Amino acid sequence: MSTSSCIGMSTMKPCCRILVSYKSSALFGFSFPKLNNPVVKHNLSKSHPSSVPSRRICCYASCNGSQIRGYKSVFDPNSRAFHSPNLNWGKARVFVSSLRDRRGGLRGVLVVPKVASDFRNHSTSVESNVNEKGFERIYIQGGLNVKPLVIEKIETENDVIKEEDKSDRVEINGSGVNIDFLKGLNEATPRVERDVSEIEKEAWKLLQDAVVNYCGNPVGTVAANDPADKQPLNYDQVFIRDFVPSALAFLLKGDAEIVKNFLLHTLQLQSWEKTVDCYSPGQGLMPASFKVKSVPLEGSDGAFEEVLDPDFGESAIGRVAPVDSGLWWIILLRAYGKITGDYALQERVDVQTGIRLVLNLCLTDGFDMFPTLLVTDGSCMIDRRMGIHGHPLEIQALFYTALRCAREMLTVNDGTKSLVAAINNRLSALSFHVREYYWVDMKKINEIYRYHTEEYSQDAVNKFNIYPDQIPSWLVDWIPEEGGYLIGNLQPAHMDFRFFTLGNLWAIVSSLGTQKQNNGILNLIEAKWDDLVARMPLKICYPALESEEWRIITGSDPKNTPWSYHNGGSWPTLLWQFTLACIKMGRPELAQKAVATAEKRLSADLWPEYYDTRSGRFIGKQARLRQTWTIAGFLTSKMLLEKPEKASLLFWEEDYDILETCVCALNKTGRKKCSRLAAKSKSHA
């Protein structure tokens, strides 16, 4: 189907009405020139919403009507564009630029130059200094009516190459060249495709049934899709956190459209300003979830239109804003580029702006003296009161991962140099802090057991004034001789010794831990298999809070009773992250064992959200069935094990640049080396 676009007013009824306005006529720090070429106008409207000043854009396509009224001011960070000096403004040309990718290998970059983002290279009216604060002023207002400001899939005759053709042909010196022969050159001998099991076929059907469409296009998957559930609550929404395993399953299968749509739609929701009792979240906050709603169309009798209704925590239990949503969004954006090779998406001006807004929110100066993020209870996967307020490991591991992703994807120029420097400094300090102070094994526990308290000055060994009596009795006999883990939380006079699976797995995947620590975590999981995996992988945390401790810490939460839900429940969605960690460390047999254990029950139990009891024997008492991220986690695990070369695109090895730029002050307690410098030598052992 051929689609078209027009710019201006029309008496026809548009499917999406987008009103874009600016506070001044200058965009990206320069005035917009007069352009009469219709092809250029098409390219401008396609490249970025900010390309069209103070004008209504009507898109006539085969979708239901949607409306947005937005006010947007965008800063152009001089987006990285690979362009030809002789580029004809009347045509969008595709060419190849060979350069080293972010992992040091050579890759060919296929680019349709975005006229707006590359405008500074051609305009004669470009100002040398662009207002750095411009990108911070992004607002979308007007109620629930949200429609993406970016118009995609616009084709013109003879001028724009179709989306499906861009991956197959490039133009070199005016000649079209087919690059199909390049595919698979670096792959091993083709493997024989295995037969897909009936359970996997069922899982794929359920995953497809969970897809949510907006304006005729797939934009995500609902959290759970149980037709027998009469009270879906917010499980009928698309959660950023929950969609990640679904996105990876689609990407690994070769279906990238839904992931790209999801990334762009949530990006537009990012700048929404919501309030909770008159308090506004910081700019850059990503919503926890969104829902596609049908609302009556203004001025029309009986007509409806689709709108996106985001939730920034004002509807969640506890009214807590999601700290991890923006981090997951950045991680998924990088995964999309790595798997599809479509790096042009992350190089777009609006996407670059979204990354910067998330990072600015996370890197904002405050009163905290630690490099870790200070967050409240319920701000991550554990979204209820569970005593994780402060500096929970899960957030720190995701934060570290997102920083590494952002450093790969950010366009480096005068406008981003300070941000990149801040990222490098935080990566350095955060890795040292977590490796040095969160890690426990038998040696470390014995050291804590002999701590002196009330120590002052920089010479203190017990820097956080931890009292030895905090060491729980269960830990002494539980931790193996060979192995260890990163504790759940660290604050002054407080160490949370619980084992939190998600944070430890992402410490492995992102190389937040040293090579020795990463192996130690898997050693512990293997040694304590009956506690952490048992009948259903994997425990979200261990051990559960019980008795008086449960009453005080959870507030007598009836859903987080001992060995249920977040309090020691078993979550099958953690399988894909466990699989990724095992493949990275060269121990796929552990993941295969866990996946085989889950496969025996998941389909028969109707793919529940979580399992209860110490061994994961019962289906969770309030678990939703046909839980999408349970289904997607299983499928992603199977595909990663089948194609481990794909898994290598999703994890990180030790970054020696971080080790070299150690910014921490070396202490005088007998530890002669910073743990990160020591890790550099140990990693080769």
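Me: Is Y565 buried or exposed?
Reply: This is a predicted model, in which local features need pLDDT of at least 70 and side-chain atom pairs count only at pLDDT 80 or more, while totals for chains, interfaces and linings use all residues. Residues are numbered from 1 along each chain as its sequence is written, and side-chain values use heavy atoms, with hydrogens and water left out. A residue is called buried under 20% relative accessible area, exposed over 50% and partly exposed in between, with a 1.4 Å probe and protein chains only. Because its relative accessibility is 5%, Y565 counts as buried.

Me: Which residue forms an aromatic pair with Y565, and how is that pair classed?
Reply: Rings of Phe, Tyr and Trp (for Trp, its six-membered ring) pair if their centres lie within 6.5 Å, and planes under 30 degrees apart count as stacked, over 60 as edge-to-face and the rest as tilted. For Y565 the partner ring lies 5.4 Å away, centre to centre, with 40° between the planes.

Me: Which residue lies over the face of Y565?
Reply: A charge sits over a ring if NZ of Lys or CZ of Arg is within 6 Å of the ring centre and within 35 degrees of the ring normal. For Y565 the distance from the ring centre is 4.3 Å, and the residue is K559.
A second case of this kind is found at W529, where the distance from the ring centre is 4.6 Å and the residue over the face is K593.

Me: What parts of the chain does the aromatic pair of W204 and F250 tie together?
Reply: The pair is one of 20 aromatic pairs, and W204 and F250 form it in a tilted arrangement, at 6.4 Å centre to centre and 50° between the planes. W204 is buried, since its relative accessible area is 13%, and F250 is buried too, with a value of 1%. Helices (H or I, at least four residues) and strands (E, at least two) are DSSP runs, numbered from the N terminus. The pair ties together parts that are 46 residues apart in sequence, because W204 lies in helix α3 (residues 198–209) and F250 in helix α4 (residues 240–253).

Me: Which residue forms a salt bridge with E654?
Reply: E654 lies in the loop between α20 (644–647) and α21 (656–660) and its partner in helix α10 (residues 417–437), so the pair ties together parts that are 219 residues apart in sequence. Both residues of the pair are buried. With the closest N and O atoms 3.0 Å apart, the partner of E654 is R435.

Me: Which strands are at the edges of the open sheet of three strands?
Reply: Two strands pair if DSSP finds at least two bridges between them, and here the order is β14-β15-β16, with antiparallel pairing. Two bridges join β14 to strand β15 (residues 289–296), and V238 has F290 in β15 as its bridge partner. Each edge strand pairs on one side only, and these strands are β14 (238–239) and β16 (304–311).

Me: What is the distance of the polar contact that joins D309 and K293?
Reply: D309 is found in strand β16, and D309 counts as buried because its relative accessibility is 14%. A polar contact is a pair of N or O atoms within 3.5 Å; within protein, one must be able to donate a hydrogen and the other to accept it, and residues adjacent in sequence count only if both atoms are side-chain atoms. The contact joins the side chains of D309 and K293 at 2.9 Å.

Methods: Salt bridge = Lys/Arg side-chain N within 4 Å of Asp/Glu carboxyl O.
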